[in-house]
Amino acid sequence: MNAIDVLKQFPFFRSLPESERRRAGDAARLARLSGRACFFRQGQAIDRLGFVGRGSLRVFRVGENGREITLYHVRVGETCLVNVLSVILRQEACATAQAEGEVVAVILPGTMVRSWIRSSDDFRTMVIASLGKRLVDVMTLVEEVAFRKMDQRLADFLRHRAQPNSRIEATHEAIAAELGTAREVVSRLLSTFSQLGAISLGRGSIRITKPELLPNERWGAPVTKSQTPVRPRR
């Protein structure tokens, strides 16, 4: 996978004039991140824009108490809104972008990005679409934090992250960072789910054994082993 292969995944790039695509190819730099390497950090001045061609980035903020909360994820064929705004507005990043495993991205200089904002309708459309999508992501996060109980949020996280074998590879600390809570809270809730028989806990992994015993919006708190959920009468 080279830089042009990555950029071709973005519709705006395919619509650029041939001369502009060649100029981008000459200026592009291929970046490879592994583990939990940071692409940029909160408070850092950035004058380059990344386009993800493989893997995903987790974008999160760190509070004054050191606790993290995930804002959104940047996946293949996407670019990071925090990164875009930092480059266009020439401001420090308001969040951190960190690799989730192996990531391949193309890096383009800020001067080129700012020129596309002025000259390319398709690039402006991509930026506006990204703004809309991330606004929905953050509004959903605010709603989750403000109105939903942590046990329901944790249960949803487990359901969404479970692999086909119902296994989740994640530490309690990583889950806490994703949900914006303390590791002790996650450990306590996972222990409760385990006692109910909903999950089994391993070293750095969780397996969902009985998803019906996990809390959800309909049933509320997890049922005990001696309880059977009864559907409410209409």
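Helices α3 and α5 run roughly antiparallel to each other, a label for angles over 145 degrees, with under 35 counting as roughly parallel, 65 to 115 as roughly perpendicular and the rest as oblique. This is a predicted model, in which local features need pLDDT of at least 70 and side-chain atom pairs count only at pLDDT 80 or more, while totals for chains, interfaces and linings use all residues. Residues are numbered from 1 along each chain as its sequence is written, and side-chain values use heavy atoms, leaving out hydrogens and water.

Let's look at that pair of helices. Two packed helices are described by the angle between their axes and the distance between the axes. Here the axes of α3 and α5 cross at roughly 160° and come within 11 Å; axes are lines fitted to C-alpha atoms, for helices over the stretch in contact, with angles from 0 to 180 degrees between N-to-C directions. The helices themselves are DSSP runs (H or I, at least four residues), and strands are too (E, at least two), numbered from the N terminus.

Which residues meet? Glu20, Arg23, Ala24 and Ala27 of α3 touch Met112, Ser115 and Trp116 of α5, where contact means heavy atoms within 4.5 Å. The residues of this contact are 4 nonpolar, 1 polar and 2 charged; Ala, Val, Leu, Ile, Met, Phe, Trp, Tyr, Cys and Pro count as nonpolar, Asp, Glu, Lys and Arg as charged, and the others, Gly among them, as polar.

Now stay with α5, residues 110–119. Its buried residues include Met112, Ser115 and Trp116; buried means under 20% relative accessible area, exposed over 50%, and partly exposed in between (1.4 Å probe, protein chains only). Among the elements that cover these buried residues are α3 (18–27), β7 (103–109) and α6 (121–147).

Next come the salt bridges, 14 of them in the structure. Each is a side-chain nitrogen of Lys or Arg within 4 Å of a carboxyl oxygen of Asp or Glu. In α3, Glu18 and Arg22 are 4 residues apart, about one helical turn, and they form a salt bridge with the closest N and O atoms 3.7 Å apart. An α-helix has 3.6 residues a turn, so residues three or four places apart point the same way. Asp121 is exposed at 52%, while Arg124 is partly exposed at 30%.

Finally, Glu68 and Arg58 meet in a salt bridge at 2.7 Å, N to O. This pair links strand β5 (residues 68–74) with strand β4 (residues 57–62), and Arg58 is buried, with a relative accessible area of 6%.
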